[in-house]
Amino acid sequence: MSEYLVIILFALIGFCISAYIFFTKQKKQTKAMVCPIGGHCDPVITSKYGKTFGFENTLLGMGYYGLLILYYGLGLYGFVFPFAE
C-alpha cells in the first residue's frame, strides 16, 4: 500500500507542474515562469514541439497523471484490476 501512496504523491506533483505550465502559457506569461534550474523556460515552452498530434503536451501530461491518481487511488480502496500483481 505504501508504494501506491508514493506513486499517487509523485503523480499529484506531476499533475500540478503540468497544470502550472498550461495555465501560465494560456495567460501568455511564459517570461515570468519559475524555472527550477535557473534558466529560461520560454524556448522550451513555446517550441513547435510543444504539441503532439495537435494536443498540448501539458494537457496530455495532466490526463496521464490524472489517470495514474485515479487508478492507484482506486487500488488503495481495494479495487482489484486484472493486470495488477
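**Architecture and local features of the predicted chain**

From the N terminus onward, the secondary-structure elements of the protein chain follow the order α-α-β-β-α. The model is a predicted one, and the chain contains 3 helices and 2 strands in total. Confidence across the protein chain is summarised by a mean pLDDT of 83, with 85% of the residues reaching 70 or more. Among the elements, the highest mean pLDDT, 92, belongs to helix H3 (residues 57-76), whereas the lowest, 76, is found for helix H2 (residues 42-45). Where pLDDT is low, predicted coordinates should not be read in detail.

The protein chain comprises 85 residues, of which 31% count as buried. Its accessible surface amounts to about 6,600 Å², and carbon and sulfur atoms account for 71% of that area. With regard to contacts in the protein chain at a separation of 6 or more, 58% involve residues 24 or more positions apart.

Helix H1, which spans residues 2-26, includes Ile-17, and Ser-18 is also placed in helix H1. These sequence neighbours fall into separate accessibility classes. Ile-17 has a relative accessibility of 48% and is therefore classed as partly exposed, the range for this class lying between 20% and 50%. Ser-18, by contrast, is buried because its relative accessible area is 10%, under the 20% cut-off. Beyond its neighbours within four places in sequence, Ser-18 is in contact with Thr-58, Gly-61, Met-62 and Tyr-65. Helix H3 covers residues 57-76, so the listed partners of Ser-18 fall within the residue range of that helix.

Ile-17 also takes part in a nonpolar surface patch, to which Val-6, Leu-9, Phe-10 and Ile-13 contribute as well. The area of this patch is about 480 Å². The 48% relative accessibility of Ile-17 exceeds the threshold of 30% applied to residues that make up patches.

A further local feature concerns the backbone at Phe-53. This residue is located in the loop that connects strand E1 (51-52) with strand E2 (55-56). Phe-53 adopts a positive phi of about 55°, although it is not a glycine. Most residues other than glycine have a negative phi. The side of the accessibility scale on which Phe-53 falls is clear from its relative accessible area of 81%, which means that the residue is exposed, the cut-off for this class being over 50%.

Key: Residues numbered from 1 in each chain as written. Predicted model: local features only at pLDDT ≥ 70, side-chain atom pairs only at ≥ 80, totals over all residues. Heavy atoms only, no water. Patch = residues over 30% accessible without salt bridge, like charges linked within 9 Å, V, L, I, M, F, W, Y side chains within 5 Å. Areas by Shrake-Rupley, 256 points an atom, 1.4 Å probe, with all protein chains shown as cover. Salt bridge = Lys/Arg side-chain N within 4 Å of Asp/Glu carboxyl O. Helix = DSSP H or I, 4+ residues; strand = E, 2+ residues; numbered from the N terminus. Buried < 20%, exposed > 50% of the residue type's maximum accessible area, 1.4 Å probe, protein only. pLDDT = per-residue confidence, 0-100. Contact = heavy atoms within 4.5 Å.
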